[in-house]
Amino acid sequence: MQSLKQLDVITPRPQHSRDATFAPILQKTNGAIDWSNRAVAIERCVRGFQPWPNAYTHYHNQRLIIWKAAVTESATTGTRHGDVIVAHGDDLIVKCGDETALRLIEVQPEGRRRMSVRDFLNGTHLKIGDRFGEV
């Protein structure tokens with residue numbers, strides 16, 4: 001943000017091609033969520049891996065794409081990474097690394113349409129203590 005405010009004052013410097021590097025090509029497996037990461041890192045992956053390869057996890061041996069998520073505050077002690085700690089109404093919160101938590105907002109179960117968490121919870125028997133990520 002500071003750079004944008006000072007755009008008219010900044011002196012451009014040429015970039016030498018010898019200093020440039022190529023980013024690796026993304027694979028579908030890059031989208032697999034590692035719940036041991038902090039919630040902020042997972043939320044960035046959710047945004048960054050759209051439209052492809054999509055951030056996803058597994059629930060009951062089926063892929064669940066996460067389309068929207070937000071970092072949230074939640075008491076998560078005593079649970080494992082990937083455990084559902086809240087599953088009610090519009091709230092589906094999953095424990096992440098370093099005692100952080102991620103609120104899922106919009107998901108897409110394998111073979112189904114994209115939907116709100118409320119619709120997902122109404123159509124599944126998800127409960128507190130269930131675990132994401134295990135195949």
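Student: Is glutamate 99 buried, partly exposed or exposed?
Tutor: Glutamate 99 is partly exposed, at 43% relative accessibility. Buried means under 20% relative accessible area, exposed over 50%, and partly exposed in between, with a 1.4 Å probe and protein chains only. This is a predicted model, where local features need pLDDT of at least 70, side-chain atom pairs count only at pLDDT 80 or more, and totals for chains, interfaces and linings use all residues. Residues are numbered from 1 along each chain as its sequence is written, and side-chain values use heavy atoms, leaving out hydrogens and water.

Student: Which side chain does glutamate 99 meet in a salt bridge?
Tutor: That's lysine 95, at 3.4 Å, N to O. A salt bridge here is a side-chain nitrogen of Lys or Arg within 4 Å of a carboxyl oxygen of Asp or Glu. Lysine 95 is buried, with a relative accessible area of 4%.

Student: How many salt bridges in the whole structure?
Tutor: A search finds 11. Among them, aspartate 130 pairs with lysine 127 at 3.2 Å, N to O, and Lys68, Glu106 and Arg114 are linked in a network.

Student: OK, strands now. How many residues of E1 are buried?
Tutor: 5 of its 5, across residues 55–59. Strands are DSSP runs of at least two E residues, numbered from the N terminus.

Student: And what does E1 join?
Tutor: Strand E2, residues 62–72, running antiparallel through 5 bridges; strands pair if DSSP finds at least two bridges between them. Tyrosine 56 has isoleucine 65 as its bridge partner in E2.

Terms used: Helices (H or I, at least four residues) and strands (E, at least two) are DSSP runs, numbered from the N terminus.
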